[in-house]
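Here is a short note to read alongside the model. Please keep the sequence and the structure open as you go.

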Amino acid sequence: MKRCEAGPVVVWLVGAGARWTLVAQLVDGSVRLTPTTNPTPLLCRQMSLPEDELMHESFPYDAKYHQPDSVAAAGHCSQHGPDSCRETPVISFQDLHDRWQSGCQRALDELVARKEISPPRTVG
Ligand SMILES: [Zn+2]
């Protein structure tokens, strides 16, 4: 379900020597499967992308990664926001939109659990 929110998802059904290609799309809050005999190259390419390549690396927190006037550069956790989180950032990372964010230990645990980032290599 979560993947469908980002766009159409190709689903392969394979069985009894036959194979169907379905495109799953989120329509009015429910997933609609549309059979397609001719998936576009774009859909095929997205489908072959391994999960790991969507994951961003993270690095030990360093203000140099962040815009000088940003929340992250000021030493706050921008993942949760300074209003809701007063922890000291331990990591710098790029989010799903390739924006640099800082994250406290809790953010690190959450993001790694969601496979959005990999833990920093030099920590731990
Ligand atoms: Zn935080």
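Predicted model: local features only at pLDDT ≥ 70, side-chain atom pairs only at ≥ 80, totals over all residues.

The points below start with the whole chain and then turn to single residues.

1. Please read every value below as computed from it.

2. **Overall layout.** The chain has two helices and six strands. Their order along the sequence is β-β-β-α-β-β-β-α.

3. **Burial and contacts.** How much of the chain is buried? Buried residues make up 17% of the 124 residues. Among contacts with a separation of 6 or more, 43% join residues 24 or more positions apart.

4. Proline 82 sits in the loop between strand S4 (58–60) and strand S5 (91–94). The residue is partly exposed, because 13 other C-beta atoms lie within 10 Å, and a residue counts as exposed at 12 or fewer and as buried at 20 or more.

5. **Proline 82: neighbours.** Which residues does proline 82 touch, leaving out those up to four places away in sequence? They are Val71 and His76. Alanine 72 is ten residues from proline 82 along the chain. The C-alpha atoms of proline 82 and alanine 72 are separated by 9.0 Å.

6. **Leucine 96.** This residue belongs to the loop between S5 and S6. Is leucine 96 buried or exposed? Leucine 96 counts as exposed, because it has 10 C-beta neighbours inside 10 Å. Leucine 96 and glutamate 116 are 20 residues apart in sequence. In space, their C-alpha atoms are 7.4 Å apart.

7. **Aspartate 98.** Aspartate 98 also lies in the loop between S5 and strand S6 (100–103). Check its backbone. Phi is positive, about 60°, although aspartate 98 is not a glycine. Aspartate 98 has 7 C-beta neighbours inside 10 Å, so it counts as exposed.

8. **Lysine 115.** Where does lysine 115 lie? It is in the segment after helix H2 (105–113). Lysine 115 is exposed, because 11 other C-beta atoms lie within 10 Å.

9. Aspartate 98 is in a loop, whereas lysine 115 follows helix H2.

How values were computed: Residues numbered from 1 in each chain as written. Helix = DSSP H or I, 4+ residues; strand = E, 2+ residues; numbered from the N terminus. Contact = placed C-beta atoms within 7 Å.
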